[in-house]
Amino acid sequence: MRSVTPQHKPFDQSLHDLHDDAGKRRVSRWLTIWDRCEVSYGEQYGVDLIAHRDGKLYAYIEVEQRNWGGRCTFDTIHVAYRKKKFFDPKVMTFLFAIDIEGDWGYFCEFVTILASPLKKSPNKFMKDDEYFYDVPTKAFVEFEVNAVPYWYKGNL
């Protein structure tokens, strides 16, 4: 009998080294400026970032970089099923998807992601299809990664 356990791509250290820190730095900077959070890196196998506001835990943040070439032009954004492990029902949890060029980003709460349809989708990393949440792009908030509000007086 065939397993119904969702398949996912194996960990790739070279992709991690290329994208992980750059994406975390971009999102951390944006959260610090726009959301006035104190941001720290998460544990090695946990969420990417942990945000505090006024000394209290505010949110967990998972970060991905995407190769969209600017703004996302797709109707949906696929979020890998394996990312479900980062959702904590007791703490607001967000996924940030940042264009690899670093100009545009999108974020969405995990409760919205988990309520989206789960589907198999072909991808370049797996022979078999991998499961993804098929989240409408309109469910994400689009933002300019390097935009600075007029009221910001901090150092960049």
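Modeller: Let's start with a term we will need throughout: buried means under 20% relative accessible area, exposed means over 50%, and partly exposed lies in between (1.4 Å probe, protein chains only). This is a predicted model, in which local features need pLDDT of at least 70 and side-chain atom pairs count only at pLDDT 80 or more, while totals for chains, interfaces and linings use all residues. Residues are numbered from 1 along each chain as its sequence is written, and side-chain values use heavy atoms, with hydrogens and water left out.

Colleague: Thanks! Can we try the term on W30 and F143: are they buried or exposed?

Modeller: Both W30 and F143 are buried. F143 has a relative accessible area of 6%.

Colleague: How many aromatic pairs does the structure hold?

Modeller: First, the idea: rings of Phe, Tyr and Trp (its six-membered ring) pair if their centres lie within 6.5 Å; planes under 30 degrees apart count as stacked, over 60 as edge-to-face, and the rest as tilted. The structure holds ten such pairs. One of them joins W30 and F143, a tilted pair with 4.3 Å between centres and 40° between the planes. This pair links distant parts of the chain, since W30 is in helix α1 and F143 is in strand β9, 113 residues apart. Helices (H or I, at least four residues) and strands (E, at least two) are DSSP runs, numbered from the N terminus.

Colleague: Which kind of aromatic pair do F96 and F143 form?

Modeller: F96 and F143 are edge-to-face, 5.7 Å centre to centre with 70° between the planes. F96 belongs to strand β5 (residues 92-99) and F143 to strand β9, so the pair ties together parts that are 47 residues apart in sequence. F96 is also buried, at 2% relative accessible area. A single aromatic cluster takes in W30, W34, F94, F96, F107 and F143.

Colleague: Now for charges. How many salt bridges does a search of the whole structure find?

Modeller: A salt bridge is a side-chain nitrogen of Lys or Arg within 4 Å of a carboxyl oxygen of Asp or Glu. The search finds seven. Take R25 and D21, whose closest N and O atoms are 2.9 Å apart. Both residues lie in helix α1 (residues 13-34), four residues apart, about one turn of the helix. R25 is partly exposed at 49%, and D21 is partly exposed at 35%.

Colleague: Which residue forms a salt bridge with E64?

Modeller: That would be R66, with the closest N and O atoms 2.4 Å apart. E64 and R66 are both buried.

Colleague: And where do R71 and E142 sit?

Modeller: Their side chains meet in a salt bridge, 3.1 Å from N to O. The pair links distant parts of the chain: R71 is in the loop between β3 (56-66) and β4 (76-80), and E142 is in strand β9 (residues 141-144), 71 residues away. R71 is partly exposed, at 43%, and E142 is partly exposed, at 36%. Elsewhere, salt bridges that share partners join E62, E64, R66 and K83 into one network.

Colleague: What does the charged end of R71 sit over?

Modeller: A charge sits over a ring if NZ of Lys or CZ of Arg is within 6 Å of the ring centre and within 35 degrees of the ring normal. The charged end of R71 sits over the ring of W104, 3.8 Å from its centre. Likewise, R53 lies over the face of Y58, 4.0 Å from the ring centre.
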